[in-house]
Amino acid sequence: MTTRDIDHDAVVIGAGLSGLYAVYRLRADGLDVRGFESAEGVGGTWYHNRYPGARCDVESIDYSYSFDDDLQQEWTWSERFATQSEILAYLEHVADRFDLRKHFDFLIRVTSTVYDEDAAAWTITTDTGVTTTARFLIMATGVLSATNRPDIPGRDRFEGESYHTGEWPHHEVSFAGKRVGVIGTGSSGIQSIPVIAETAEQLVVFQRSPNYSIPAGNRPLTEEYIAEVKANYAERRRLSRESGGGTPNFPYPKGALEVDEAERKRIYDEWWQRGGYLFAKAFPDQTTSLEANDTAREYVEAKIREIVKDPAVADDLIPTDHPIGTKRIVTDSGYFETFNRDNVKLVNLRKTPIEEITDTGVRTSDHLYELDMIVYATGFDAMTGSLSRIDIRGRGGRKLVDEWSAGPRTYIGLAVHGFPNMFIVTGAGSPSVLANMVLGAEQHVDWISDCISYLGEHDAKSIEADAEAVDEWVAECNAKASATLFPQANSWYMGANIEGKPRVFMPYIGGFANYGRIIDEVADSGYKGFTVS
Ligand code: FAD
Ligand code: NAP
């Protein structure tokens with residue numbers, strides 16, 4: 001390939017909220033950008049996860065773009081935590097408002113990307129045979145987009161309907177009069193179970209590990225509240241960028257063990273009322289000290305026991321295998337109450353494991369559950385799965401999957417040694433899923449855009465993370481994680497949900513604001529830790 005053969009300045013893979021903003025921003029910089037998306041439309045997560053009950057767990061007024069004030073003033077969210085369809089409508093609106101669709105090829109999956117060192121450019125190959133070349137490659141492929149359908153014996157024999165929450169069909173799925181089994185009790189299972197239970201004749205919940213879940217406290221947003229938010233949006237965004245998690249929520253200034261019982265209860269009551277996963281952040285020491293964590297755990301256990309009428313079922317629903325907050329706390333709407341219904345049965349797979357799926361249902365060690373439908377709420381090959389499913393080859397033909405065989409290795413989450421001119425959006429080594437991912441995507445794309453402009457200004461063809469910088473960043477990420485209780489959980493953050501995946505804590509847990517300062521310093525220093533050539 002010669003420089004003349006390079007088709008585009010940049011190729012963006014993925015038309016979720018990261019890819020849409022990447023195309024918008026790079027185009028504004030005057031670059032020629034082309035996007036590829038395997039789905040039929042834009043939206044990414046919100047295109048694919050159409051299961052009943054799907055909503056965001058970060059408040060919609062925060063879980064939305066900040067890059068254009070007119071956009072955030074014009075758009076009005078109807079609820080505190082919007083439904084999947086409302087979020088998808090928002091992303092479709094963004095795509096239309098900024099005329100982004102024309103830059104994407106839809107229904108095309110990128111199968112390989114190969115770097116040509118002489119030309120300092122990437123060749124991108126797809127499943128339709130379309131091939132193109134670009135100077136820069138932007139991986140906006142999503143950290144929760146590669147679905148995990150566990151290889152349970154007999155899985156493909158089942159003759160009833162079967163769906164994965166992360167690949168939910170576009171047609172209406174009716175549960176009425178049906179015997180439905182849901183496998184999995186992470187966020188997707190816990191959001192869908194109460195809705196399915198409303199109309200299914202019978203619902204069997206197959207739970208391997210119970211999860212902590214806190215009621216969302218969802219509500220319609222009033223006109224007065226929206227007006228107040230819109231009048232102060234800039235300040236709300238500033239606070240979010242200064243926070244640990246990308247939203248204007250800050251833990252109590254004292255630790256859980258520094259206050260007396262009454263004060264502790266008052267704070268937990270307050271955060272319980274706020275609702276959802278934020279409960280993990282009520283006190284700053286909750287996910288660093290087991291003793292502090294125990295106070296939060298006991299509070300939530302008591303709440304579960306209050307809600308669930310049958311004490312034996314409550315016992316099964318209370319997690320015992322991880323400190324609270326070290327797996328993402330689920331944000332639910334009526335989850336525990338669902339187990340008081342006559343048409344719902346909880347099967348504790350720790351006591352009676354699944355042995356096989358038959359043509360008519362699920363057989364555990366003690367019973368065959370005859371079913372009309374199985375819903376797999378079994379999650380994702382998170383953080384790295386969407387990248388490892390592409391054959392990515394860097395300098396000298398090295399493969400990303402080999403370089404990452406012991407876990408993902410990035411420099412500041414954005415770049416990989418041996419893979420010049422490739423940028424990853426909100427992936428491993430960045431706050432990613434530990435923070436509001438819309439602001440995370442904006443933070444990354446803005447950084448990438450500035451970096452590409454810098455290369456242009458300095459007449460440089462390529463940028464590559466140095467091996468030592470990667471070593472140091474990986475060590476920093478590990479040190480930050482080791483100072484917390486997070487590595488104690490068998491979570492997807494740790495890769496523990498996928499057999500054979502290395503056990504490494506993948507996101508950067510040093511906080512959203514701190515991380516922003518670190519990547520800005522790298523840019524301000526003239527890209528220290530990178531070789532620009
Ligand atoms: P995605 O939205 O995953 O988009 C990636 C796109 O890339 C997909 O459309 C995919 O089809 C495409 N793609 C991947 N590989 C290829 C390929 N090889 N070729 C072509 N196309 C490809 N985060 C929050 O901060 N708050 C929330 O409330 C929240 N709720 C969530 C709810 C659910 C159900 C899930 C699954 C995740 C949630 N997340 C949430 C995380 C969420 O994934 C991110 O917030 C965000 O949507 C990610 O956007 P993205 O564009 O980076 O990736
Ligand atoms: P998940 O958290 O990984 O949950 C998957 C569930 O499937 C777990 O309960 C798991 O059990 C179970 N499972 C997996 N393989 C199994 C097997 N072979 N047999 C029985 N059970 C099995 O996935 P998720 O619920 O899709 O959520 C992933 C992440 O997406 C969330 O943590 C969150 O960040 C995001 N999300 C957010 C929302 C929201 O509220 N906005 C909604 C959905 C998803 P084990 O725990 O024992 O492995």
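Me: Where is the place of K178?
Reply: This is a predicted model, in which local features need pLDDT of at least 70 and side-chain atom pairs count only at pLDDT 80 or more, while totals for chains, interfaces and linings use all residues. Residues are numbered from 1 along each chain as written, chains are lettered from A and ligands numbered from 1 in written order, and side-chain values use heavy atoms, without hydrogens and water. With strands taken as DSSP runs of E of at least two residues, and helices as runs of H or I of at least four, numbered from the N terminus, K178 is in the loop between β7 (161-164) and β8 (179-183).

Me: Which backbone oxygen lies 2.7 Å from a polar atom of the K178 side chain?
Reply: K178 touches, among others, E161, D372 and M373 (heavy atoms within 4.5 Å), leaving aside residues up to four places away in sequence. The backbone oxygen that lies 2.7 Å from a polar atom of its side chain belongs to S174.

Me: How much of the accessible area of ligand 1 does the protein cover?
Reply: A backbone N or O atom of T45 lies 2.7 Å from an oxygen atom of ligand 1, and a polar side-chain atom of H48 lies 3.0 Å from an oxygen atom of the ligand. A nitrogen atom of ligand 1 is 2.9 Å from a polar backbone atom of V110. Of the 980 Å² that ligand 1 has on its own (Shrake-Rupley method, 1.4 Å probe), the protein covers 94%.

Me: Which element gives the largest share of the shell around ligand 1?
Reply: Elements giving two or more residues to this shell are α1 (17-28), β2 (33-37) and α2 (45-48). The largest share, three residues, comes from α2.

How values were computed
A polar contact is a pair of N or O atoms within 3.5 Å; within protein, one must be able to donate a hydrogen and the other to accept it, and residues adjacent in sequence count only if both atoms are side-chain atoms.
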